[in-house]
Amino acid sequence: MTESRPDPEARPDGDEPLNPAELKTLIALTESVNLLQYRLEQQLREIAGVSFVQFQLLVRLRDAGGTQTMTQMADGMVYSRSGITYQAGLLEKAGLITRGPDPDDDRATAVTLTDAGRALLDQVLPPYVELARRLLFDSLTGDDLPQLAEIMARVRDHMRAQPSRSATTVRRRRDDAGA
């Protein structure tokens, strides 16, 4: 029998401490994600000299057919717009992407994966997948994977439905000024 979760609307505004199960889950999740990301980024830097964020940008471009606008990339990643612009500049300098006017929208910048960017992904993906499989998937049973995927998709969707960081900051500043 599973324990039902309290209605989020009925909880106090963050002043109620996490119960032991929530705290244990939070710590296990954050530690697991941090360890996984650290090891994957370490490998990316060793093999190809790219960061985890740069790798994500390259993969997003490949998955989008090779081209996206900077806005599309920024909207799909958990990273600041200025940070993505900076990382794209480094990738462009390395010859892995190009940036230019979007033919469909004069106000947008199109980002395109180069042949060198594709070649780098071809080089990096097999060891990346092997490490991810060894660190994450080898510890799961066949029944665990769909359950974990469903749970994490629900958590991700819930978090993405919250106001963006920038909207929260602006609202908080406005609220502080009126107080």
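**Notebook: salt bridges**

I started with Glu92, which comes out partly exposed at 31% relative accessibility (buried is under 20% relative accessible area, exposed over 50%, partly exposed in between, with a 1.4 Å probe and protein chains only). This is a predicted model, where local features need pLDDT of at least 70, side-chain atom pairs count only at pLDDT 80 or more, and totals for chains, interfaces and linings use all residues. Residues are numbered from 1 along each chain as its sequence is written, and side-chain values use heavy atoms, with hydrogens and water left out.

Next I looked up the partner of Glu92. Its side chain meets that of Arg99 in a salt bridge, 3.0 Å from N to O (the term needs a side-chain nitrogen of Lys or Arg within 4 Å of a carboxyl oxygen of Asp or Glu). Arg99 is partly exposed too, with a relative accessible area of 30%.

How many salt bridges does the structure hold? I get eight.

Then I went to Glu41, which pairs with Arg45 in a salt bridge, the closest N and O atoms being 2.9 Å apart. Both sit in helix α1 (residues 20–48), four residues apart, so about one helical turn separates them. (Helices are DSSP runs of H or I, at least four residues, numbered from the N terminus.) Arg45 is partly exposed at 48% relative accessibility.

Last one for today: Asp105 and Arg107. Their side chains form a salt bridge at 3.2 Å, N to O. Is Arg107 buried or exposed? Arg107 is exposed, at 77% relative accessible area, while Asp105 is partly exposed at 25%.

Notes: Helix = DSSP H or I, 4+ residues; strand = E, 2+ residues; numbered from the N terminus.
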